[in-house]
Amino acid sequence: MRQPIHASAVVSLDPDLELDVSTAVALLRSARKLLVITGAGISADSGMPTYRGIGGLYERQDTDDEMPIEVALSGPMFESRPELTWKYLSQIETACRGAQPNEAHRALSRMSHSFERMTVLTQNVDGFHRDAGQEELIEMHGNVHELYCTECGKEEWVQDYASLSMPPYCADCRGMVRPRVVLFQEMLPDSALRQFEQTLENGVDAVMTIGTSSGFPYISGPVVRAARMGLPTIEINPGDTEVSGVVGLRIRARAAQVLPRIEHLLAS
């Protein structure tokens, strides 16, 4: 059955961008198994603030505890001073509270129906892909809404942190609670890595990166390998990244600007 036409999908683009979109659609139509990698850029149109950069929560200075946010939100800091790490987790969650998936997340979820298999690997912890209905999803850095006790392992899913005491303790054993996210200086979770490795072992016909700087080797590696094999590689990002010189097609635009149009053309 033909997909419904969404208003955002039929917004006209400038001729150069429309040509890029048409080229992307042609490349994607040749693929059966698509790997999509997303970073903070895809959530920008949801109003999500970044840590650093223009408009970031800590753009011009360290935290009010006179340390970089990357130190405050690190594994070693949580081990030694969990109350301080939770202070900034709560601060960031409050700044993001109420944000919702944008049309880029929703368009990507709808795109899944155009492929035999489409896997989305995200570096984001906001949960927007899941909220948008993404099925084949790898949340490599976790999800801020998933909490667990570091002592007894009890798990809890929360919409936000409004009702939590700071720092939160387990109601059963009084152990320290934390979100199931990867803090700075921590290892990536084994389960997500195995899922990603299985996706690569099953093979992909095309790779698309969206809103990520591709600075980590596990992100840039699949893009570089796919490009060397002559497979379609597409990057959607307004700025330059680690893989900009490697990909076959660069689309210099925001994800919410072009993904709905790509999805609409694929479905038509």
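The paragraphs below take up a helix, a strand pair, a pocket and a loop residue in turn.

This is a predicted model, in which local features need pLDDT of at least 70, side-chain atom pairs count only at pLDDT 80 or more, and totals for chains, interfaces and linings use all residues. Residues are numbered from 1 along each chain as its sequence is written, and side-chain values use heavy atoms, with hydrogens and water left out.

Helices (H or I, at least four residues) and strands (E, at least two) are DSSP runs, numbered from the N terminus. Buried means under 20% relative accessible area, exposed over 50%, and partly exposed in between (1.4 Å probe, protein chains only). Among the buried residues of H5 are Glu 103, His 105, Arg 110 and Met 111. Their cover includes helix H1 (15-28), strand E1 (33-38), strand E2 (117-122) and helix H9 (255-267). At the start of H5, the backbone nitrogen of Ala 104 has a side-chain oxygen of Asn 102 within 2.7 Å.

Ser 109 also belongs to H5. It counts as buried because its relative accessibility is 11%. Contact means heavy atoms within 4.5 Å; leaving aside neighbours within four places in sequence, Ser 109 is in contact with Ala 132, Gly 133 and Gln 134.

Next come the strands. E4 and E6 run antiparallel and are joined by 5 bridges; two strands pair if DSSP finds at least two bridges between them. Leu 147 has Pro 179 in E6 as its bridge partner. E6 is mostly covered, with 4 of its 5 residues buried.

Both strands also give two or more residues to the lining of the second largest pocket, as do strand E3 (137-139) and helix H7 (190-202). The volume of this pocket is about 350 Å³. Of its 21 lining residues, Glu 139, Gly 142, Arg 180, Pro 189 and Ser 191 are the closest to the centre. A pocket is an open set of points on a 1 Å grid over the protein atoms alone, where a 1.4 Å probe fits, with protein on both sides within 12 Å along at least five of seven lines; lining residues have an atom within 4 Å of a point. Grid points are joined across faces, edges and corners, and the volume is the space filled by probe spheres set on the points.

Lys 154 lies in the loop between E4 and strand E5 (155-157). At 40% relative accessibility, Lys 154 counts as partly exposed.

How values were computed
A polar contact is a pair of N or O atoms within 3.5 Å; within protein, one must be able to donate a hydrogen and the other to accept it, and residues adjacent in sequence count only if both atoms are side-chain atoms.
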